[in-house]
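Hi there,

Here is the structure I promised to pass on. Have a look at it first, and then read on for my notes.

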Amino acid sequence: MWKKNIDGEEYFLTKSKYMNGIQCPRLLYKAVNMPDDIPPPDEATQFIFKQGNEVGEIARQKFPGGIRIQMFPWHTITKRTKTAINSLAEHVYEAGFLHDEVVVLVDVLRKLDGKTVDIIEVKQSTRQKDEHIPDLAIQKYVVEGNGFKVNKTFLMHLNRDYVHPGDGDAELLVMEDCTDEVNEHLATVPERLAEMRETCELNSPPRSEIGPHCTSPRECALMPECWARVPKPSIFNITGYRKKWELYEQGVVLLSDVPDGTKLSVSQQAFLDSYRIGQPIIDTQAIQNELGKMEKPIHFLDFETINWAVPKHEGMRSYMQVPFQWSLHTLEDGKLEHKEFLWDNQEDPRLQLTEKLLDALGDKGSIVVYSSFEKSRLNELADAFPEHRDRINAVIDRLWDQLEIFRNFYTDAAFGGSNSIKNVLPVLVPELSYKDLEIQQGGLAMATFAKFIEMKTGSEKEKIRDALLKYCERDTLAMVEIHRRLAEL
Ligand code: SF4
């Protein structure tokens, strides 16, 4: 049965399922009728949700004198909301309403006079996004369906100009009045709901065509299922090619079917050429020239970072990439050494991380990194600790970006259209991988670190420490082995 019940009334949609329906009918059908088909959020995504809860908590403090409606017991949520609205409280948080078989929870309901209210939706983004408008519109539709007049609809989001701990001018959260845009979408709600109802009543999921909606406004959890029929590699592996959906509309999916004369960038064309000839395209001379610019000893450096939505320490902004760990391999005369750093408590990791790194790097040798990520972090550390600026700038001058080799001089269709280290490594060094590790990607490392610093010392914490250290070490070891392969060309 796809309909459920709250306080004796049936509903089939929640706000999040309405948003699923805006994205794609198949996603909506599965969310409503076959929820077990939708993979649960992974740990990295759960960390994002947790950060959202933290932002919500801070937002509520901006509207004091409120009553929070607890989610459970769910089947009485609208009744408990009515009681809170009828109380003397000025605000009701997580206020639950049901109308036209749709349930919404309003982050902050601001009571004005009589039956007039404002709706405030709290988001952890640093700006208003298109997807926020239907989100607010469905709330307004349901709240007004309960006999209220909604005066204004606001979006409250993080302020990208805020620097912790704040100086009084910029606040962590800002409000935007979205009333006009919300009203525009509101006019379309009854028709959209009728369509969504029809979709949910089907006997089987609709076959939705893949399209740009699969990744916008967010990557759909059903991509592994729907995209399984797309061959690999395909036109979707041509990195940065903006007209791929136009090609797709013309029936072109296979790389071999891309018409001659299709306008591509130099690197996109090289990728296609590599696929067509079935081997990599390598400018050996240019690579040797670049390798020849290196000075010994050769260091290989990688940072792991965390981007807190709510900045935690002085000088931090929302979503700033804060380094908490580094791994450093050093290669000299064929001998490989390893050093590492991992912060393990809730204080600011940056000063100690910087000082230990500067000591470990010394003042000799090139420092191999993969992308400009480490350079950006080093610049931020120089801003945070001006007393170390000269030494950090000297380190920046020694950086040597391995990714640039794969951007400019080494193209292989086997990389699948991405030059990330996770794609390059299995092709160049198939015997080395991340598969034996507990942590296999940066998003999970970040989520794990967030848990790690909250843990008390003990064997569980040591297990996690080990997993974090091994992951970061593998990144720099991968760069070492890739370097060795390049040197053999
Ligand atoms: S992957 Fe694309 S087509 Fe499939 S359900 Fe998601 S949005 Fe729809």
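Let me start with the overall picture: of the 489 residues in the protein, 50% are buried. Please keep in mind that this is a predicted model. The chain forms 18 helices and 16 strands, and its C-alpha atoms fill a box of roughly 80 × 55 × 40 Å along the principal axes. If we take the contacts with a separation of 6 or more, 66% of them are between residues 24 or more positions apart.

**The ligand and its cavity**

Where does the ligand sit? It sits in the largest cavity, which has a volume of about 100 Å³. Helices H2 and H8 are the elements that give two or more residues to the lining of this cavity. That lining counts 13 residues, and Cys24, His213, Cys214, Cys220 and Cys226 are the ones nearest the centre. By class, the lining of the largest cavity has nine nonpolar, two polar and two charged residues.

The shell around the ligand itself is made of Cys24, Arg26, Leu27, Ser208, Glu209, His213, Cys214, Cys220, Leu222, Met223 and Cys226. You will find helix H2 (25-33) and helix H8 (223-226) here too, each supplying at least two residues of the shell. Seven residues of the shell are nonpolar, two are polar and two are charged.

**The other cavity**

In total, the structure holds two cavities of 30 Å³ or more. The second largest cavity has about 40 Å³ of space. Around it you will see Met320, Gln321, Pro323, Arg350, Arg377, Glu380, Leu381 and Ala384. Which helix gives the largest share of this lining? That is H13, with four residues. The lining of the second largest cavity divides into four nonpolar residues, one polar and three charged.

**An open pocket**

The second largest pocket is also worth a look, with a volume of about 410 Å³. Its lining has 18 residues, and Asp302, Tyr370, Ile421, Lys422 and Asp475 lie nearest its centre. Several elements each bring at least two residues to this lining: strand E11 (298-306), helix H13 (373-384), helix H16 (421-428), helix H17 (442-452) and helix H18 (459-487). Strand E11 provides the largest share, five residues.

**Backbone details**

There are two cis peptide bonds to point out when you go through the loops:

- Histidine 164 and proline 165 are joined by a cis peptide bond with omega of about 10 degrees. Proline 165 is in the loop between strand E8 (149-158) and strand E9 (173-177).
- Lysine 296 and proline 297 are also linked by a cis peptide bond, and here omega is near -5 degrees. Proline 297 belongs to the loop between helix H11 (284-292) and E11, the strand that gives five residues to the pocket lining above.

Next come two residues with a positive phi. Aspartate 7 is not a glycine, yet its phi is positive, at about 45 degrees. You can find aspartate 7 in the loop between strand E1 (4-6) and strand E2 (9-11). Glutamate 101, likewise a residue other than glycine, has a positive phi near 65 degrees, and its place is in the loop between strand E5 (91-99) and strand E6 (102-111).

Are these two residues buried or exposed? Aspartate 7 has a relative accessibility of 28%, so it counts as partly exposed. Glutamate 101 has a relative accessible area of 17% and is therefore buried, because the buried class covers values under 20%.

**Aspartate 348**

Finally, a few words on aspartate 348, which lies in the loop between strand E13 (335-342) and helix H12 (350-361). Its relative accessible area is 23%, so aspartate 348 is partly exposed. Leaving out residues up to four places away in sequence, aspartate 348 touches His313, Met316 and Trp343. Aspartate 161 is 187 residues away from aspartate 348 along the chain, and their C-alpha atoms are separated by 20 Å.

Key. Residues numbered from 1 in each chain as written. Predicted model: local features only at pLDDT ≥ 70, side-chain atom pairs only at ≥ 80, totals over all residues. Heavy atoms only, no water. Near = heavy atom within 4 Å. 1 Å grid on protein atoms, 1.4 Å probe; cavity = no way out; pocket = protein on both sides within 12 Å on 5 of 7 lines; lining within 4 Å. Sits in = over half its atoms within 2 Å of the grid points. Nonpolar A, V, L, I, M, F, W, Y, C, P; charged D, E, K, R; others polar. Points joined across faces, edges and corners; volume = space filled by probe spheres on them. Buried < 20%, exposed > 50% of the residue type's maximum accessible area, 1.4 Å probe, protein only. Contact = heavy atoms within 4.5 Å.
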